[in-house]
Amino acid sequence: MIPKVKKFTDGTYFTNALKITIAAVLPVLLFSYLGHFKIGFTIALGAFFTYPSDIPSNLKHKINGILVTVLIVSGVNLLINLVYPYSWLFYPFLAILLFFLSMISVYGQRATMVSFSALLAISLAFAHIQTGWDRIQYSGLLLLGGLFYLVVSLIFFYIRPHRYAELQIAECIKLTSTYLKLRGDLWEVNSDRKAITEKQLNLQVQLNTIHENIREILIRNRTNSGSSNQNRKMLLVFISLVEIMELAIATSFDHNKLHQKFDNHPRVLEKYQNLAYNLAKSLKTLSESIENDEKYLSKHNLLSDLNDLELAITNYENDLGKANASEGVLMLTNMLHYAEKQVEINKTLERAFTAVVKSQDLKGKDKDLEKFITPQYYPIRTLIENLSFSSTVFRHSLRLTITILIGFSIGKFLPFQNAYWIVLTIVVIMRQGYGLTKQRTFQRIFGTILGGFIAFGILFLVHDSTIIGALAIVALLFGFSFTPTNYKVGATFITIYVIFIYGILTPNIEDLIQYRVLDTLVGALLSFLANYFLCPSWEFVKIPVYLEKSIEANRNYLKQISLFYNTKGEVPTSYRLARKHAFIEVGNLMASFQRMLQEPKSKQSKLPQVYKLTVLNHTLLSSSASLGTYIQSHKTSEASEAFNVVVDKVIKNLEDAITILKEGSIQQQESTINEDLSKRFIELNKIRTKELKEANAIDEEAFQLKMQEAQLVIEQLVWLTNLSENIVKTTKVLIKTENELQ
């Protein structure tokens, strides 16, 4: 129990919640003591509005982002108060302001959170419209609250400047461990491989996101503040984690075939599965040591596991005889080589936490890292390009603006006590996707009702304002701690906090809370209905874009692999960038498919084709990565003309699929191409046959390496060709289905 509590309180979300709690509570306590509660409360609101924009990043971007938020929040509050008395001007101005603030989300995650902060400020501006000089004073206090939050955030940063990066690394290690554990589960004879694969796809989406977060922090910090031992250590660990994932994705096994072949020799597969599990466990142990800020102690002897697997392969070969066991030994040797590489990378991870990391330890892995992060610039062109119904952000901005105006009008002209709570509910709940909005709607309603019951129960028993105030602070802390991970629980604590505050300030708390519950229900219902009926943005409309980007990224990655195979030498930055983009775009496609699953059944008409194309793109990436990884880690022979012809055909198939997605059809001469392709596969097989005949002319080790290269390259080329052809066929079916629906 105690370790779990320690883990929770040391976590990122609790730390962030502690920052905003301190920034919000201190001004209230101080100014209440001085007899100016309203001043303290307004400063606290400024901190509240600023908090969402404090997302993980390097120090420079953190400061700039918070300062921009502070200025926007205080600015929009002043404008609302200035324009509000003039109805003929107010409503058009409000619509334009809401739409513009929503549209700035096109500039990425930080801009999205700045937008959210500004919309929150607008919502609560309607709670108390200021007049005269009070308008300037109120906006100034909001500005002061935001600046105070910045000071608190910077203090936390300087106390433990590397802690967030460490926790993100720990989470990344844990997710990677879970992924490797699932790979081990695939070796169970009767395992549900489809369910395990879906879990792996979901994990890859999460890993893509956390990889981007870590890149943003480590690489930008390195650029701005230079290289330190801590930064080098984190960078080495991160690069190693990416290598583990890429190697895992690049190495796939035909489990059915392996189980059939080794049914009478299960010990070999058992040894491999045991090694896979222990590798996952060692990573989990490492993540726990980082989370608990403890010295890492290895609990698993992976080298011993490797020796056991190698011994099992030798016993298998001795039992069957060299000739009969040759094919099986080759398959098992590929598995052994994969395991050896993963263990080697794991040892690099362990050394990073048990020794000082020097610049040479990175061995050039940190070359051109700045090219792997998204540039931070905000051209007006991006905003203009998104001013169309084809843009998801444009649709969401229009939908949000109209819904807020409707909600505000309902609260204003019907007998509701406070229109601002309806607007606030809409801002908090409504998201771009239908699935997330629906989920948040029910979670918000549940949290509001549950929190109301709990708070009223406590208020019925406790009447001391000091105790209620202390409980309100605790509720606030837990509310912000749970909101990012469990919105239902977070909403419950936030509701308790709000009721406690009103319980201290107002005598008619029961009537007031009844209105709050009603306002929440109205705002939630409007959000839900708007996402379904008002300029909806369904995933099946956006899927072709994600498909096109993922296929293009796979094509570009395969081109780089082919170029590297032909030219050899050092792995170029363009190769690594193409690989990164391929992983990201396929991950984006998987995320879009997941969102599609959350939408109504009537909006999932192309689900089978989308699922198939998602799996095909992921499998093609896996096959390409397998080929690329092998070429990087082995001394390979010259690429033959046959190899280039086959790769060109695969690339042509992918380009055809892209053309189909863009134009709806393609024109190609299949018969001639396929006839030439057949000849090339025959040619590749002849090369392998020739190497078999020349086995006596070279030593055993060299022969085994040539055999391994020939088998892997030919198998991957055949597989890539089949996958690319299936992508073209399924894309045709997808577009045909889309045309029929239209």
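Analyst: Ile406 counts as partly exposed, at 39% relative accessibility. On this scale buried means under 20% relative accessible area and exposed over 50%, with partly exposed in between (1.4 Å probe, protein chains only). The model is predicted, so local features are described only at pLDDT of at least 70 and side-chain atom pairs only at pLDDT 80 or more, whereas totals for chains, interfaces and linings use all residues. Residues are numbered from 1 along each chain as its sequence is written, and side-chain values use heavy atoms, without hydrogens or water.

The residue Ile406 is placed in helix α16; helices (H or I, at least four residues) and strands (E, at least two) are DSSP runs, numbered from the N terminus. Helix α16 comprises the 22 residues 392–413, and at 1.5 Å a residue these should span 32 Å; the end C-alpha atoms are 31 Å apart, which agrees. The expected value is 1.5 Å times one less than the number of residues.

Rings of Phe, Tyr and Trp (its six-membered ring) pair if their centres lie within 6.5 Å; planes under 30 degrees apart count as stacked, over 60 as edge-to-face and the rest as tilted. By this rule there are 28 aromatic pairs. Among them, Phe389 and Phe394 are edge-to-face, with 5.2 Å between centres and 80° between planes. Phe394 is buried, at a relative accessible area of 11%, whereas Phe389 is partly exposed, at 47%.

A further aromatic pair, Tyr434 with Trp538, is tilted, at 5.3 Å centre to centre and 55° between the planes. Tyr434 lies in helix α18 (residues 434–461) and Trp538 in the loop between α21 (509–533) and α22 (539–567), so the pair ties together parts 104 residues apart in sequence. Both Tyr434 and Trp538 are buried.

Most residues other than glycine have a negative phi. For Cys535, phi is near 45°, a positive value in a residue other than glycine.

Where does Ile406 come back into this picture? The C-alpha atoms of Ile406 and Leu526 are separated by 8.4 Å, although the two residues are 120 apart along the chain.

Charged side chains also meet rings here: a charge sits over a ring if NZ of Lys or CZ of Arg is within 6 Å of the ring centre and within 35 degrees of the ring normal. Arg440 lies over the face of Tyr487, at 4.1 Å from the ring centre, and Lys488 over the face of Phe446, at 5.0 Å.

Helix α19 (residues 465–482) contains Ala475, which counts as buried at 4% relative accessibility. With neighbours within four places in sequence set aside, Ala475 is in contact (heavy atoms within 4.5 Å) with Phe493, Ile496 and Tyr497. The C-alpha atoms of Ala475 and Ile496 are 6.4 Å apart, the residues being separated by 21 positions along the chain.

Further along, helix α23 (residues 573–597) has 25 residues that should span 36 Å at 1.5 Å a residue; its end C-alpha atoms are 36 Å apart, which agrees. Of these 25 residues, 19 are buried, so α23 is largely enclosed by the rest of the structure. Thr614, found in helix α24 (residues 607–633), is buried at 2% relative accessible area. Not counting residues up to four places away in sequence, Thr614 touches Leu589, Met590 and Phe593. A polar atom of the Thr614 side chain lies 2.7 Å from the backbone oxygen of Val610.

Notes:
Polar contact = N/O pair within 3.5 Å; in protein donor to acceptor, adjacent residues only side chain to side chain.
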